[in-house]
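The sequence and model come next.

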Amino acid sequence: MTEEDLTLTRFTELLDVHGADLQRWPEPVRDAARALAASDAQAAELLQQARQLDDVLDSWESLPPSTELQRAVAEIPLRHPREAGAKLPWFLGAFWRTALSAATVVALGCAAGSLGNDAPQAPAAPDQLAALDPPELEATEEETDELDELMELAFLAEASEEEWP
Amino acid sequence: MTNTLPLPLSQVTPRPRVGRGVAAVLLSAAAERGDVERDEEIALMKRVGAGDAQAYRALSDHFLRRIVAYAQRLLGNPAEAEDVAQETFLRLWKQADSWKPQARLSTWLYRIAHNLCIDRIRRRRDTSPDHLERFSIGDRPSALMLRKQVADAVELALSGLPERQRAAIALSHYEGLSNPEIAEVLEVSVEAVESLLSRGRRALRKDLAALHAHLQQPAHEG
């Protein structure tokens, strides 16, 4: 942007937005602004007024943090301890919780389905009952144990879930 | 016309920087000069998220003064500003996980402090009437008195601005943030920041016009 492109109106707007420090102005207009302030008395006056405002604002100095605040801020980790690595990332925690719950439901479903399939679908004839194989009955007991284990696992999962944040 | 490239804070902040280098083991030489750069920020915040108190200490040492100063500009009350700063760093410690590296850590902290300040200003407004008094300067004050009176007048003039204009002026003039960074803190567009700054400066110029003559007098020098 050249000095001709930068009107006094635009120069005033930019002064209001960016203040008197031309280094903080957008790079493309800096040179044009310097040139305008050097060649135009009104622009120079506006820049001077903006500098005065900046100077006045600078007269309000903030207070440094007190010793008490510095101590209190430094002690935050002591007052609010967190164990490094104790917390699972949220997505990992949620993922494993969901995965474990889903696995438990599927396993229970499979076990229940397996037990259900062993039940007779229709009244059996006496000879058919006689032909039932004892080992098959033993297998059903094993599956019952398996179901108990799965139930236990489900309760454990529920208990450990409470420990997660 | 605005600078759309967020510059490193070290380049946009011409004012004295904070960096007492307490955790020298953690910070590089650049950090001790006050230039906690982006990679360092991310690395330190990861460690804070994992509960590393030393990393927290390095960051709090680096940013404490700036957060306190900003809160003072908004609240005009050093004690309240210290409360806000303490709460801001408590959140840094507890909520480091929620920081997204896309944002500069400084703007994230300023935003936390800003929201805490606004909460306080609004609570204040609910409980007490606005009792701003016009400032006045004595006829022939000493240089020290004049300096104090000018500072009080500036504080009063700033406190008379609407919240967002005050925040924009504080972040731009005192904290040296670029307009895109201010937009991030205030959660508004860059154009809105420009408008806030422009209206804020015009109002301040009008309010503080009476001071210009006094500042020209030699009595205030030294």
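Predicted model: local features only at pLDDT ≥ 70, side-chain atom pairs only at ≥ 80, totals over all residues.

Buried means under 20% relative accessible area, exposed over 50%, and partly exposed in between (1.4 Å probe, protein chains only).

Residues are numbered from 1 along each chain as its sequence is written, chains are lettered from A and ligands numbered from 1 in the order written, and side-chain values use heavy atoms, leaving out hydrogens and water.

Over all chains there are four aromatic pairs. Rings of Phe, Tyr and Trp (its six-membered ring) pair if their centres lie within 6.5 Å; planes under 30 degrees apart count as stacked, over 60 as edge-to-face and the rest as tilted. Here are two of the pairs:

| Pair | Centres | Planes | Type |
|---|---|---|---|
| F11(A) and W25(A) | 5.5 Å | 50° | tilted |
| Y56(B) and W93(B) | 5.5 Å | 70° | edge-to-face |

F11(A) sits in helix 1 (residues 8-18) of chain A and W25(A) in the loop between helix 1 and helix 2 (27-39), so this pair ties together parts 14 residues apart in sequence. Helices are DSSP runs (H or I, at least four residues), numbered from the N terminus. Both F11(A) and W25(A) are buried.

In chain B, Y56(B) belongs to helix 4 (residues 53-75) and W93(B) to helix 5 (residues 78-94), 37 residues apart.

Notes. Helix = DSSP H or I, 4+ residues; strand = E, 2+ residues; numbered from the N terminus.
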